[in-house]
Amino acid sequence: MLSSKVTKALNTQIELEASSSQYYLAMASWAETEGLSGVSGFLYKHADEERMHMLKLIKFVNERGGHGIVPALKQPPHKFKSVKAVFEEILKHEIKVTSEINNLVDVTLKEKDYTTHNFLQWYVSEQIEEEALARQIVDKLKLIGEDRSGLYFFDRDLIGITASTEGGAEKGQKN
Ligand code: FEO
C-alpha cells in the first residue's frame, strides 16, 4: 500500500511525463511542417515513449492501492527557433526529469517504501540513456552549425537512430 506522500509524488511524476509527451509531440509536429521527416519521426516516437512512462506510473499507483490521476496539461509551445534549439530544450528538459526522478527516489527512501524504490530503478536507468542520447544529438548539431546540407544528412541519420531504438516502448511496457 502506498503512503499518501509517495502517491502524491508519483502523481506529480505522472504529470511531468504527460507534459513531456505533449511537449515532444509539439516539437514533432513543428519539425514535420519544416519538412524534417527524420527529426519529426524521432520526436513522435519520443512523445510515445513519454506517454508510456506516464502509463507505467499510473498502472503502478493503481496496482498498489493508490489512484493514478490523469492531469490537465498546459499547451506547449508550437514554434521553435531551430532543430538545434529543439534538441537543446530536450536535453535541458531531460536533466530536469532526472532531477525529479532522483527526488522521487529520495521520497521513497524517507518513507521506507522499498517496493516503489525498486520500481523507480527502471526510470533511473532510462534517464541515463535519454540524457546521453540528447547530449549526443546536441553535439552533432553543434558540429553541423549552419550548414544546410549537414542538416539534411542529420535528418536522414535520425531515421536510422529512431529505427535502432525501436522496441524501447514495448520493452518498457513489459517491465
Ligand atoms: Fe520520461 Fe524523458 O523522461
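Is Phe119 buried or exposed?

Tutor: Phe119 counts as buried, at 15% relative accessibility; buried means under 20% relative accessible area, exposed over 50%, partly exposed in between, with a 1.4 Å probe and protein chains only. Some ground rules: this is a predicted model, where local features need pLDDT of at least 70, side-chain atom pairs count only at pLDDT 80 or more, and totals for chains, interfaces and linings use all residues. Residues are numbered from 1 along each chain as its sequence is written, and side-chain values use heavy atoms, leaving out hydrogens and water.

Now the rings, which pair if the centres of Phe, Tyr or Trp (its six-membered ring) lie within 6.5 Å; planes under 30 degrees apart are stacked, over 60 edge-to-face, the rest tilted. That rule gives eight aromatic pairs. Phe60 and Phe119 have ring centres 3.8 Å apart and planes at 10°, so they're stacked. Since Phe60 sits in helix H2 and Phe119 in helix H4, the pair ties together parts 59 residues apart in sequence; helices here are DSSP runs (H or I, at least four residues), numbered from the N terminus. Phe60 is buried too, with a relative accessible area of 9%. Ring pairs link Phe60, Phe119, Trp122 and Tyr123 into a cluster. Lys56 lies over the face of Trp122, 4.5 Å from the ring centre; the rule wants NZ of Lys or CZ of Arg within 6 Å of the ring centre and within 35 degrees of the ring normal.

Terms used:
Helix = DSSP H or I, 4+ residues; strand = E, 2+ residues; numbered from the N terminus.
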